[in-house]
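Notebook open, structure loaded. I'm jotting down what I look up as I go.

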Amino acid sequence: MSSRITHASIFKEAWPIILASASTPLLGFVDVAVIGRTGDAVALGAIALGALLFAFLFWGFGFLRMGVTGFVAQAHGAGRHAELRAAVFRALLLALFFGIVLLAMQLAIGAIAFRLFHASSGVEAVALRYFQMRIWSAPAALGGFVVMGVFIALGRSALVLLVQLSLNVINALLDIYFAGLLQQGAAGVALGTAIAEWTAFLLGLVLLWRLLKRIDAAPFWPLDWKAILEKRALLRTLSANGDIMLRTLALIGGFAWFADRSAAAGDAVLAANHLLLQFLGFSAFFLDGFAYVAEAHVGAAIGAGDRLRFQLAVQRSSELAAASAALLAAGIFFGGDSIIAWLSANGEIRRVAGASLPLAALYVLLAFAAFQLDGIFIGSSRTRQMRNASLASVSLFILLSLWSLPHYGNRGLWAAFIGYVLLRAATLLFYYPAVWRLLQSPAGRER
């Protein structure tokens, strides 16, 4: 297997994930276009508000995708098919549980969320209807995270692309039908999204069933509840997901702090930094793709005790990620001003964004290390170290920004943000020897 890990093979696995990730924002343009054509500003504002709420709500459960990947990849690498199945069903049950919790708590979630927003009463009323419709897709959305995590763990990135494109195409068509033809507005967009998420989840389950049947012909039914609910494995799963949840909240906190400090520096700075963050978000599609491939190979290598596969996976995926980061950074540095001018007609926003554009390019250039190390630690299920690294780096970022922003303005804030992504990488590098030690003995690989 190690001889098959080449730059070409890694790129072949990564590009479907990159394309799948990049296709997601296009759906937002469809929603905006469909509602925007009606000229209803209230509905358009409600869509923006509702989409933002679900982005944060579901992003917080991203640990379901990351938590299952390492366990499945390691079981697959070790040839432990029964444990692989148990890990999959364990994660699906956890997703179902959290989905039901969200449904049960929807009134409280809606009440709290809309108290935090300061939109007009008309926008909030329509956004609430959007929320009440779309929340019913929560079990499917969370279950979809698990399905995607399993596909990534097993190196089936083409299936990731298939499910994601199916979701986006069905969603777009239903949005056009419900919100456009039937003129149901924001509620129609929410209904279309909910149906699309359930359809994509069911498609993912069918593809997952077929994939697991090819790996192991053992019958699915009745489920091996003893293996699924085995105390030690269940505690490891809960602990890993809890660690990743805290890690994700820390990352959200870091970006929220950046946005808050930008707002405190003035409207022009806030708007300019929002434009620059679009470059970072676009670049993340590419860097995530190589990190996801690293997750699968690292997990399989640890499960199989294959040091060479581990080394090749880390080295070659990191080289491709570094090259991609360099190309993306160069594109931002040399072409960013033109894109900023296209995105904003405001001269002050253009000026502020242009002044910090080189720092945004530098962030992208250096960020690949943190992305890659995230992938390595997810694949090896070293979640406690990821949690500690994230908490430490975001704390240091806040302290650094409190000093740099007053002294150097927005450039100082961006310098601290660059320091943040470097701190993420440095703190994970501190723990890296613990990952390597997992390959020293079979006992270590089972921890």
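Predicted model: local features only at pLDDT ≥ 70, side-chain atom pairs only at ≥ 80, totals over all residues.

Numbering starts from 1 along each chain as its sequence is written, and side-chain values use heavy atoms, with hydrogens and water left out.

Back to Gln 74, which I find in helix 3 (residues 63-78). Helices here are DSSP runs of H or I with at least four residues, numbered from the N terminus. What does the side chain of Gln 74 have 2.9 Å away from a polar atom? I get the backbone oxygen of Gly 379.

Next, helix packing. I looked up helix 12 (residues 267-304) against helix 14 (residues 347-379): the axes are 7 Å apart, at an angle of about 20°. The axes are lines fitted to C-alpha atoms over the stretch in contact, and angles run from 0 to 180 degrees between N-to-C directions. That makes helix 12 roughly parallel to helix 14 (angles under 35 degrees; over 145 is roughly antiparallel, 65 to 115 roughly perpendicular, the rest oblique). I put the residues of this contact into classes and got 26 nonpolar, 6 polar and 3 charged.

Then Ala 8, in helix 1 (residues 7-36). Buried or exposed, this Ala 8? Exposed, at 57% relative accessibility. I also checked Ala 8 against Val 147, 139 residues along the chain, and their C-alpha atoms are separated by 25 Å.

Last, the aromatics. Rings of Phe, Tyr and Trp (its six-membered ring) pair if their centres lie within 6.5 Å; planes under 30 degrees apart are stacked, over 60 edge-to-face, the rest tilted. I count 24 aromatic pairs by this rule. Phe 97 and Phe 98 have ring centres 5.4 Å apart and planes at 65°, so I call the pair edge-to-face. Phe 97 is partly exposed at 48%. Tyr 177 and Phe 178 are also edge-to-face, with centres 5.2 Å apart and planes at 65°. Tyr 177 is partly exposed at 40%, whereas Phe 178 is buried at 11%. I also noted a cluster linked by ring pairs: Phe 255, Phe 258, Tyr 363, Phe 397, Trp 414, Phe 417 and Tyr 420.

How values were computed. Helix = DSSP H or I, 4+ residues; strand = E, 2+ residues; numbered from the N terminus. Polar contact = N/O pair within 3.5 Å; in protein donor to acceptor, adjacent residues only side chain to side chain. Nonpolar A, V, L, I, M, F, W, Y, C, P; charged D, E, K, R; others polar. Buried < 20%, exposed > 50% of the residue type's maximum accessible area, 1.4 Å probe, protein only.
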